[in-house]
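Thanks for coming. I will go through one model today, starting with a helix pair and ending with the chain contact.

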Amino acid sequence: MMTYKLSLSRALFISYVVLVLLFLIVPVLIVIPMSFSDSRFLSFPPTGYSIRWYDAFFNNPAWMSAARTSLTVALATMLIATPVGVAAAYAIHCSSHWSMRYLKIVLLLPLIVPIIIVAAGVFFIYAFAGMLHTIPGLVMADVMLALPYVVTAVTAGLHGFDQTQEMVARSLGMNRFRSFMLVTMPQIKPSIVTGAIFAFIQALDETMVALFIAGGQNQTLTVRMFTALRDEIDPTIAAISTLLTAASFALVMLMTMVRQRPYA
Amino acid sequence: MKSTALAEHNALGNSRDASLRYRRREHMLMFILMSPAVLIVFLLLIVPLAWLIIQSFYVGDGVSLEHYRRIFTERVYWNTFLLTFRISFVVTLLAFLMGYPLAYAATVLPKRWAIVILAIVILPFWTSVLVRAYAWLILLQRSGVVNEALMGVGLTSAPLSLVHNELGTIIATVHILLPFMVLPLYATMQKIPRDLLMAGASLGASPLHVFRWVFFPLSLSGVLAGVTLVFVLCLGFYITPELMGGGRTVMASMLVSRNIQLYSDWGAASAVSVVLLMCVLVIFYVVSRLISLERILGTK
């Protein structure tokens with residue numbers, strides 16, 4: 001009797017967990033069949049399949065220009081945020097100065113301050129500096145938002161690294177920069193790659209700040225998607241969503257592969 | 001004899017000077033390495049925040065508390081903040097009720113199941129918020145899958161309005177914030193020693209008793225981290241309520257954006273921002289007395 005009751009509660013528990021998992025995964029997956037639908041209507045399951053919504057995306061100059069802007073911004077963000085973040089993480093890790101604790105919190109601020117307030121603030125500064133609707137403006141805002149992720153990932157990597165190795169290299173006459181590049185960096189590479197990918201995805205996904213500061217020639221993909229979702233929904237969004245999901249999935253796979261070969 | 005002692009003394013002094021100089025140079029170098037990152041955050045976040053705070057005290061050219069008075073006396077503002085807190089509270093509660101069992105399952109089930117659970121938790125984490133909002137619009141619309149299923153089993157005869165209202169906002173927000181609940185919970189549960197649970201069981205406690213008196217209390221710091229993170233993130237949510245709320249579910253963040261984009265009323269927008277920011281900072285401050293900030297943000 002006792003075991004029966006136990007296994008019943010176990011079965012209830014497992015089915016609850018499965019339900020929650022379905023709640024998490026179904027909305028992510030349902031977008032994929034929708035994107036291959038052959039009709040305008042969002043009926044599920046689709047009445048027939050086609051690739052017309054991918055055509056609609058790739059043959060629409062406005063969507064393509066937005067995609068180009070987003071990719072350019074994401075790539076530039078990654079290229080700037082990674083070295084800046086690595087330098088900051090290195091300083092946080094090596095320095096024993098009392099102020100570092102506070103500077104570290106400053107670098108976490110972009111995560112703490114609600115994003116709408118960040119967006120309003122950046123909008124104001126850019127309006128003042130004439131940087132609204134520009135690529136460098138978008139890049140700098142995304143770099144700021146990506147910094148906490150890069151710094152966190154790289155600091156974690158440095159924690160697992162034996163700092164004396166770098167000192168040995170320096171005592172043998174290498175200068176600091178060379179010893180970092182040749183001794184330390186190869187060993188914390190997985191965490192740097194993780195940080196870089198985080199920066200890229202965050203810039204690609206960023207919507208809130210871009211809603212305020214993107215525009216004119218430089219509309220991002222997410223801003224166009226947001227407007228399309230608010231005004232009129234058609235399966236083109238499903239096609240873009242599928243592509244975006246596939247892209248981040250591929251990047252996560254890449255990250256896992258790098259993680260599994262720690263000294264690659 | 002004496003001269004060597006003196007030389008030694010001088011050498012010691014020199015080396016102390018040298019090490020002091022070295023330390024100073026070391027600090028200098030670290031500050032230089034730190035400066036680009038700090039400069040970016042300073043220019044794009046701290047300066048505008050300071051400006052927002054100053055701006056919130058200005059009406060026209062004069063200093064006044066008018067914007068704050070309006071927030072605390074006018075119904076529109078009050079209702080918005082009440083709604084924001086109510087939605088955040090409900091979302092946090094739901095995320096906890098769904099997230100705790102998930103994290104628990106990932107902790108106690110065999111490893112391969114744990115990997116499946118964590119993969120499913122993390123995958124939505126990596127998909128754009130817009131993608132997920134779109135998916136929920138499809139699922140919850142009047143002729144959507146959920147409504148058809150509900151009518152199919154006869155739970156309702158006419159389609160329910162599940163979206164373009166507060167309910168739709170809550171469902172999609174829970175979906176987006178659930179990983180932020182599960183991950184800190186899982187990190188904490190992982191560290192609970194299994195020996196303690198076995199000790200409890202060997203002393204004759206039933207599994208439920210062990211859970212209630214051993215496992216659950218030890219997981220509380222993770223609960224605090226997850227609950228804080230979800231609540232605070234929800235307070236500042238914008239995109240999901242804007243898309244799922246159908247224009248009627250106005251949260252604090254939307255008040256900020258409307259004041260700027262529709263009315264160009266920077267004073268009002270600033271005051272709402274400052275109140276919202278204060279709420280977030282106070283919550284973070286209070287909780288950081290109990291557990292470290294890095295743990296709440298999942299950066300450690």
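**A helix pair in chain B**

Helices H3(B) and H7(B) pack with their axes 6 Å apart, at an angle of about 40°. Axes here are lines fitted to C-alpha atoms, for helices over the stretch in contact, and angles run from 0 to 180 degrees between N-to-C directions. Helices are DSSP runs (H or I, at least four residues), numbered from the N terminus.

This is a predicted model: local features need pLDDT of at least 70, side-chain atom pairs count only at pLDDT 80 or more, and totals for chains, interfaces and linings use all residues. Residues are numbered from 1 along each chain as its sequence is written, and chains are lettered from A and ligands numbered from 1 in the order in which they are written.

Back to the pair: H3(B) and H7(B) are therefore oblique to each other, meaning neither under 35 degrees (roughly parallel), over 145 (roughly antiparallel) nor 65 to 115 (roughly perpendicular).

On confidence, pLDDT is the predictor's score for each residue, from 0 to 100. Chain B averages 87, and 95% of its residues score at least 70. Within chain B, H3(B) is highest at 94, and helix H13 (residues 293-296) is lowest, at a mean of 78. For the complex, the predictor gives an ipTM of 0.86 and a pTM of 0.87.

Now the chain contact. Chain A puts in 70 residues and chain B 62, where two residues are in contact if their C-beta atoms, placed from the backbone, lie within 7 Å. On the chain B side, H1(B) supplies the largest share, 16 residues.

Methods:
Helices (H or I, at least four residues) and strands (E, at least two) are DSSP runs, numbered from the N terminus.
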